[in-house]
Amino acid sequence: MQKKPPTDAFLQCDGCKKTLFRNDFEQNLRVCPNCGKHHRLSARTRIEWTFDEGSFVEMDENLHSVDPLAFPDYAEKYGQAQAKTSEKDSMICGTAKLQGKTVAIAVSDFSFMGGSMGAVAGEKVARTLERAAEMGVPAIVFCASGGARMQEGLLSLMQMAKTTATVERCREAGVPYIAVFTDPTMAGVLASYASVADVILAEPKAMVGFAGLRVSKQAGVGKVPDDFQMAEYGVAHGMIDRIVHRKELPAVLTLLVETMGAGK
Amino acid sequence: MAKSYKEWEQPLIDLEENIAKLRERARREIDPSKRIAIENLAVEYETRANHYIEVMYARLSPWEKVLVARADKRPYTQDYISGCFSDFLPLAGDRRCADDQAILGGVAKLNGKGVIVLGHQKGRNIQERQVRNFGYARPEGYRKATRLFEIAERFKMPVVTFVDTPGADAGVEAESRGISEAIAASMLKMFELTVPSVSVIIGEGGSGGAIGIACSSKVLILEHAIYSVIAPEGCASILWRAADRGADAAKALRLTAQSALEFGLVDGIIDEPKGGAHRDPIEAATSVREAIISALAGFEGKSGAEIKAERYAKFRAMGIFGE
Ligand SMILES: [Zn+2]
């Protein structure tokens, strides 16, 4: 058993186990002042902390799963996730502004069934990328997902194809598509739209990988490096452009939008 | 619940062995009346075996489909390539670092015309399985596929892919060389094609490793093949912490060819010979060849832009949700 912090004014960092003042922690954008761990954010908090104040216009907010396979316990888990997060599904999308410049955004919420991608999340990513292409504005997608949502069976595997197809739309329209990998960005999400962004940023130490560590160990004969499946490992292996601290993200995204999006 | 195809098929194997023994005994029998009696018994057993096959395959449960789809007797990509095309010339390498033999590909002729053909290749014996990495393709495999798709586009050759993989390689090495990016880039390239493409799921359509080469204008699936977002054992161990509940997961996942068609996620089912593709690989390849030819014929006279737009529209519409 872990020791619980004595009151709500404190919390324990699950990265370094140090007890932190909640105020300091919040002030620091939920980055541990001791070990630098970037703790997970809800999609709404993420939007609030990244884009111009009050600029977010939510779209497609009524999309929800209809449990097409009548998969055991899915409806119940789905209802619980909705109650817990007050969200309809694991992805929120719409438009927002960065220093006054409009961008199309989709932001994943890990707390909703592990950010898993079913038909709703896939559709929202697809609509976001299409919207960016139609409006001629950059697309920014924040990833936070364990992968495809198995409760939607093959329909969720097809979201990998669907979302990747819409990346082509951005390329044709000449609008930049930027992905930000947050903790964790895995499996079916990583192996589809996430990995074919024009620019890929990641938060420090975010877990980024194709399979869970246990599966990778079973599959591979090689030694597992200490930083395996961390964002830094992705940078070292040429899969990610930059690690960006949470507090630098708005400025870095703005610079990318101003430079790459200048043609529009 | 049988755990393997071998276990599931054992009663049939026993019957067939008995038939062979009876035939042998009849051949050696000198007494004509006794010989006739033995031959009659063999015929009776054969009728029983045929009936058994019919009953077994008439209504395979989802789990039995998994066993059949994974059966090591089943024809593999190489068998379909030689059965469907002439003059196949394998091409190798990703032009980066290696050649992944879990994906086999090259140029071939179909009705005298050049096509690009590729697919996951499993192995038949221990050495071959190791060389083919049990059909788990590595990043180099998807990058070789991407390269071949580029050749197809440049020289206006139709693309045919065969899908038969438990999944992509999830090992440390594959991760270090960007297995996720390799799969995504391969899919993206398939969506860029202005030539028609056909994918045939011949055995196991295993998650990301399968869709990585299955974003085609037409996706066909063999009658007893499976197509799934996750292996049923993996699903069972995540959901119920019980990998041995694969049969329950197989049912819940709706991973059969018939379900895939019902949900509109594949364009057609190719019937298999009685008792499965492995009981008559030549007939199976003939059906696959006909299905490929007829799928490609549907694109004659269409412009590259139309072909590309049609493929996009098909995949774009996949997904059931409320709004
Ligand atoms: Zn810490």
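Buried area is taken here as the accessible area, computed with a 1.4 Å probe, that two parts lose on being put together, summed over both. The structure is a predicted model, in which local features need pLDDT of at least 70 and side-chain atom pairs count only at pLDDT 80 or more, whereas totals for chains, interfaces and linings use all residues. Residues are numbered from 1 along each chain as its sequence is written, chains are lettered from A in the order in which they are written, and side-chain values use heavy atoms, with hydrogens and water left out.

Between them, chain B and chain A bury about 4,500 Å², of which 72% lies on carbon and sulfur atoms. Of the area that chain B buries against chain A, 15% is supplied by B:Val172, B:Tyr312 and B:Arg316, more than by any other three residues. In terms of contact (heavy atoms within 4.5 Å), 48 residues of chain B meet 61 residues of chain A. The interface of the two chains holds 5 salt bridges, each defined as a side-chain nitrogen of Lys or Arg within 4 Å of a carboxyl oxygen of Asp or Glu; B:Arg316 and A:Glu123 are joined in a salt bridge with an N to O distance of 3.0 Å. Several elements of chain B give two or more residues to the side that touches chain A, among them helix 7 (172-176) and helix 14 (304-316), while helix 8 of chain B gives the most, with 10 residues; helices (H or I, at least four residues) and strands (E, at least two) are DSSP runs numbered from the N terminus.

Strand 4 (residues 64-65) of chain A and strand 9 of chain B pair in the antiparallel sense over 2 bridges, pairing being assigned if DSSP finds at least two bridges between two strands. Within this pairing, A:His64 stands opposite B:Gly322.

Chain B itself is divided into domain 1 (5-59) and domain 2 (67-316), with bounds that come from an automatic or database domain assignment. The C-alpha centres of these two domains lie 36 Å apart, and 10 residues of domain 1 are in contact with 10 residues of domain 2. About 870 Å² is buried between the two domains of chain B, carbon and sulfur atoms giving 62% of this area. On the domain 1 side, B:Tyr5, B:Ile53 and B:Tyr57 lose the most area to domain 2, together 63% of what that side buries. B:Lys73 forms a salt bridge with B:Glu9, the closest N and O atoms being 2.7 Å apart.
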